[in-house]
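I opened the model and kept a list of what to look up. The entries follow in the order I made them.

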Amino acid sequence: MIDLRSDTVTKPTAAMRQAMAEAEVGDDVYREDPTVNLLEQRAAEIAGKEASLFVPTGTMGNTIALKLLTGHGQEVICDSRAHILDWELSMLAWFSGCLARPVATDDGVLTWDRIKAHLRPFGPHNAPTAAIELENTHNMAGGRVYPQHVIDEICDEAHSLGLAVHMDGARVFNAEAASGRAVREIARNVDTIMFCLSKALGAPVGSMLAGPRSLIDKGRLLRKRLGGGMRQAGVLAAAGLIALEEGPRALQTDHANAGFIAKRLSEMEGIRVNPVETNIVIFDVSATGLTPRDISIALKASGVLMNGVNEQLMRAVTHHDVSHADCATAMDNLEEVLSRRLLHQ
Ligand code: TLP
């Protein structure tokens, strides 16, 4: 199967499996796992923050960050297609007691101008804004990268009003590869950043939450509350360390493959492709006369996995475990599915 459903599907490399087998471990709830400690130190360095916390998932990292940065009954401003809003089972409401205040954008990129109209001041009728959440790269906007000056302006303005900024950087290494700017630069002004080891970087499990030490220390307790105290987690952290060192090197290839997919799609009748900057291709199939579901089913029968996002849009995500040749086959098969549809008209 050629699996373009997500970059979450990558399998650990041989080097990761070996490191996992050989990992030195201890009880991480007692902070005695040397491999987890090393990973947390390395991730903090890469993010340019004082400390970091190893969490099992990106969802848990975002959930802890937003709990740390908000109070019960406040609001968090995010883009209207943000992962925290649409794909995290309302954890912001469930765990932090906050409302997400979505701001519609064409490209997934919030700007201070767009944000400021949605700020809710403290007052008798308002739940006040506590924080702003930026998703970089933006998944549902097609792997969109935030321009650095936009991030910096949002952080400066937010901080001047006493508001915090969290970056959902699940794929921030893709932003690094696309922009040539190091993660620590991208994240220099945000209060907290979450990034995933288990997406484009290829680790089997895990994400990191980085920020000031005082916040990360409190975050450790929230992680335990959420059931994320993982004991001998060094076996996972060992794969994470390799993902951090080796994963970023492969991302240019993933981006080139996504660009290739976008080009092939743009040549197919009835398909409209969003601009592609990184490893995610979002495209509209509504003018083909087929639904994303029809296409997914037909593609699966041809050996290609690709999912719909909604009734019009589909998503193809490139990653370590799909080659250029796999992408070419997937596009050939899609062309075949679409031409069969023409025959039946
Ligand atoms: N995204 C997954 C699905 O949940 C949609 C995917 O296949 O892309 N932030 C962003 C921007 C994400 O894309 C994801 C996962 C997460 C957070 C959550 O990470 P996990 O799955 O580790 O909880």
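**Entry 1: the cores**

I started at Ile-132 and listed its contacts beyond four places in sequence: Ile-77, Leu-110, Trp-112, Ile-115, Ile-154, Ala-158, Leu-163, Ala-164, Val-165 and His-166. I note here that this is a predicted model.

Next I looked up the core around it. The largest nonpolar core has 52 residues, and Ile-132 and Phe-54 are those with the most contacts inside it.

**Entry 2: Asn-136**

I moved to Asn-136. This residue sits in the loop that runs from strand 5 (129-135) to helix 7 (148-160). Is Asn-136 buried or exposed? Asn-136 has a relative accessible area of 1%, under the 20% limit, so it is buried.

What does its side chain reach? I found the backbone nitrogen of Tyr-146, at 3.0 Å from the side chain of Asn-136. I then wrote down the contacts of Asn-136 beyond four places in sequence. They include Arg-144, Val-145, Tyr-146 and Ile-151. Also among them are Met-167, Asp-168, Gly-169, Arg-171 and Val-172. Ala-175 and Ile-186 are on the list too.

**Entry 3: the largest pocket**

I looked for open space next. The largest pocket holds about 400 Å³. Its lining has 28 residues, and the closest to the pocket centre are His-83, Asn-139, Arg-171, Lys-199 and Arg-315. Two or more lining residues come from each of helix 3, strand 7 (192-196) and strand 12 (307-308). Helix 3 has the largest share, three residues. I sorted the lining by class: 14 polar, seven nonpolar and seven charged.

**Entry 4: the cavity**

How many cavities of 30 Å³ or more does the whole structure have? I found one. The largest cavity has a volume of about 50 Å³. I listed its lining as Asn-62, Thr-63, Leu-66, Ile-84, Glu-88, Met-91 and Leu-92. At least two lining residues come from each of helix 3 (58-69) and helix 5 (91-96). Helix 3 gives the most, with three residues. By class I get four nonpolar, two polar and one charged.

I noted that helix 3 also gives the largest share of the lining of the largest pocket.

**Entry 5: Thr-10 and Gly-202**

Thr-10 lies in the loop between strand 1 (2-3) and helix 1 (14-22). Gly-202 lies in the loop between strand 7 and strand 8 (207-211).

I checked burial for both. Thr-10 has 6% relative accessibility and Gly-202 has 5%, both under 20%, so I logged both as buried.

For Gly-202, the contacts on the same terms are Thr-10, Lys-11, Pro-12, Met-16 and Leu-197. I also took one distance: Gly-202 and Ile-271 are 69 residues apart along the chain, and their C-alpha atoms are separated by 30 Å.

**Entry 6: Asp-284**

Asp-284 is in strand 10, residues 280-284. I read a relative accessible area of 12%, so Asp-284 counts as buried. Its side chain makes a polar contact of 2.6 Å with the side chain of Ser-286. Further along the sequence, beyond four places, Asp-284 is in contact with Gly-270, Ile-271, Arg-272, Gln-312 and Leu-313. Asp-284 and Ala-178 are 106 residues apart in sequence, and I get 24 Å between their C-alpha atoms.

**Entry 7: helix 13**

Which residues of helix 13 are buried? In this helix, residues 292-301, I listed Pro-292, Ile-295, Ser-296, Ala-298 and Leu-299. As a general rule, an α-helix has 3.6 residues a turn, so residues three or four places apart point the same way. I looked just past the helix as well. Gly-303 follows helix 13, and its phi is positive, near 95 degrees.

Methods
Residues are numbered from 1 along each chain as its sequence is written. This is a predicted model: local features need pLDDT of at least 70, side-chain atom pairs count only at pLDDT 80 or more; totals for chains, interfaces and linings use all residues. Side-chain values use heavy atoms; hydrogens and water are left out. A nonpolar core is a set of buried Ala, Val, Leu, Ile, Met, Phe, Trp, Tyr and Cys residues joined through side-chain atoms within 4.5 Å. Buried means under 20% relative accessible area, exposed over 50%, partly exposed in between (1.4 Å probe, protein chains only). Contact means heavy atoms within 4.5 Å. Helices (H or I, at least four residues) and strands (E, at least two) are DSSP runs, numbered from the N terminus. A polar contact is a pair of N or O atoms within 3.5 Å; within protein, one must be able to donate a hydrogen and the other to accept it, and residues adjacent in sequence count only if both atoms are side-chain atoms. On a 1 Å grid over the protein atoms alone, a cavity is a set of points where a 1.4 Å probe fits but cannot get out, and a pocket is an open set with protein on both sides within 12 Å along at least five of seven lines; lining residues have an atom within 4 Å of a point. Grid points are joined across faces, edges and corners, and a volume is the space filled by probe spheres set on the points. Ala, Val, Leu, Ile, Met, Phe, Trp, Tyr, Cys and Pro count as nonpolar, Asp, Glu, Lys and Arg as charged, and the others, Gly among them, as polar.
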